[in-house]
Amino acid sequence: MRTVPVQLGKRSYAIKIGGGLLAHLGGECARLKLGARCAIITDTNVGRRFAKAAFNSLATAGFSPSLIVVPAGETAKSLKMVQMGYDLLAAHRLERKSFIVALGGGVVGDLAGFVAATYLRGIAFVQVPTTLLAQVDSSVGGKVGVNLKAGKNLVGAFYQPRLVLCDLDTLAALPEREFRAGLAEVIKYGIIYDARLFARLERGLPRLLKREPKMLGAVIARCCEIKAAVVGEDETESGLRAILNFGHTIGHAIENISGYGKYLHGEAIAIGQVATAKLSSGLTGLSEEEAGRIRDLFKRAGLPTGIKLGAPQRRKLFAAMRLDKKVSGGEIKFVLARKIGRVIWGQRVPENLISHALDEIVNTAPRVLARDRNRKS
Ligand SMILES: NC(=O)c1ccc[n+]([C@@H]2O[C@H](COP(=O)([O-])OP(=O)(O)OC[C@H]3O[C@@H](n4cnc5c(N)ncnc54)[C@H](O)[C@@H]3O)[C@@H](O)[C@H]2O)c1
Ligand SMILES: [Zn+2]
């Protein structure tokens with residue numbers, strides 16, 4: 001087992017990474033001296049597979065767990081589910097010393113974390129992330145929240161867990177597409193912070209795609225270390241934490257214009273990172289060779305590196321980018337790479353340059369289509 005400390009003064013906690021950890025959930029919670037009553041919040045997919053093991057481990061360690069199961073998928077990140085959560089916690093008489101276990105992917109972690117942050121003005125919570133994305137990203141750093149009709153993550157809090165337990169065995173059940181989407185965040189850490197990690201991913205990708213436990217454990221631990229270091233410097237995103245958004249301005253816009261659900265988040269940010277690498281090679285000195293290595297790694301990881309867009313959709317993409325949270329004073333700001341492993345944030349980029357970089361990822365091909373049509377007719 002590997003342990004990564006997250007240093008946040010009184011709110012510090014450990015991320016534990018290894019195989020078979022779910023069986024130790026109860027023992028780990030006992031070490032935190034939490035109250036007897038707790039609630040496991042999970043979703044239908046994860047609950048079916050792992051709720052029993054979590055429940056038994058907690059019960060064996062002397063806790064009185066109850067189970068709250070929400071529907072799988074992004075729609076569960078809603079105020080309706082928050083309300084349902086509060087009602088069930090109250091019905092099970094959870095009190096100030098009680099705690100919540102978030103067992104699932106980023107959706108469950110964000111929802112359960114928000115419930116924990118607000119029920120009785122905050123009770124303890126433990127993250128047991130079961131997707132690759134949740135293990136390397138969403139379970140670390142304390143951003144919790146839910147969506148509104150008006151947009152994603154519009155209601156939330158910064159609220160740190162007391163412990164993060166990453167059981168690598170849970171990843172064996174994860175659908176291939178979800179696993180690869182998680183790799184987009186893994187590759188991101190290499191680009192923004194650690195050239196050696198990036199090179200290791202280039203070499204070890206086949207082992208990673210096979211989900212070899214040793215490789216997985218080492219890579220997940222490194223990603224958590226990086227996120228912990230960034231969050232430790234800037235817990236509430238006033239500066240450095242912005243680097244975690246590399247590729248996300250364009251990625252979020254892609255998710256937005258294609259209707260949430262068409263692309264998984266990881267897929268959209270893979271495309272976003274390829275475009276941002278291109279932008280960086282024009283603006284911040286990233287070499288063409290490194291931009292090419294970035295594109296190739298996403299491709300080898302089975303992630304999309306381009307998108308088909310007509311002219312109207314391209315305009316929509318720009319409009320969506322302007323609406324992104326990271327826009328201030330009307331200018332779109334980017335995290336750009338100087339080289340693999342080193343980025344700078346808060347870079348204002350003129351729209352004509354963004355448009356040029358989009359040529360790298362947008363496969364408009366209107367002329368080819370027109371020619372084809374002419375040929376057919
Ligand atoms: N808080 C943060 O800092 C942060 C960071 C990044 C993303 N997020 C949020 O995370 C969410 C996405 O998280 P996600 O990608 O984990 O999605 P998710 O939680 O929806 O999980 C993806 C799918 O996999 C299933 N699943 C989960 N674990 C499984 C397992 N071990 N085996 C089989 N199936 C399993 C889930 O039921 C779901 O159907 C988004 O809502 C996003 O906003 C939050
Ligand atoms: Zn992301």
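Arg 2, Arg 196, Arg 200, Arg 203 and Lys 214 form a positive surface patch. Patches here take residues with over 30% relative accessible area and no salt bridge, like charges being joined within 9 Å and nonpolar side chains (Val, Leu, Ile, Met, Phe, Trp, Tyr) within 5 Å. Keep in mind that this is a predicted model, where local features need pLDDT of at least 70, side-chain atom pairs count only at pLDDT 80 or more, and totals for chains, interfaces and linings use all residues. Residues are numbered from 1 along each chain as its sequence is written, chains are lettered from A and ligands numbered from 1 in the order written, and side-chain values use heavy atoms, leaving out hydrogens and water.

**The positive patch**

- Helix H7 (residues 195-209) gives the patch its largest share, three residues; helices are DSSP runs (H or I) of at least four residues, and strands (E) of at least two.
- Arg 196 sits in helix H7 and is exposed at 72% relative accessible area (exposed is over 50%, buried under 20%, partly exposed in between, with a 1.4 Å probe and protein chains only).

- His 248 is in helix H9 (residues 248-257) and His 265 in helix H10 (residues 265-283), so the pair ties together parts 17 residues apart in sequence.
- His 248 is buried at 5% relative accessibility, while His 265 is partly exposed at 22%.

**Salt bridges**

- The count is 22 salt bridges, each being a side-chain nitrogen of Lys or Arg within 4 Å of a carboxyl oxygen of Asp or Glu.
- Glu 95 pairs with Arg 37, with the closest N and O atoms 3.9 Å apart; this links the loop between helix H3 (79-91) and strand S5 (99-104) to strand S3 (residues 37-43), 58 residues apart.
- Arg 211 pairs with Glu 176 at 3.0 Å between the closest N and O atoms; Arg 211 is buried at 16%, and Glu 176 is partly exposed at 34%.
- Glu 267 meets Arg 177 at 2.7 Å, N to O; Glu 267 lies in helix H10 and Arg 177 in helix H6, so the bridge ties together parts 90 residues apart in sequence.
- Glu 267 is buried at 10%, whereas Arg 177 is partly exposed at 44%.
- Glu 74, Lys 77, Asp 110 and Lys 152 are joined into one network by salt bridges that share partners.

Conventions. Areas by Shrake-Rupley, 256 points an atom, 1.4 Å probe, with all protein chains shown as cover. Lys, Arg positive; Asp, Glu negative; His and termini not counted. Charge placed at Lys NZ, Arg CZ, Asp CG, Glu CD.
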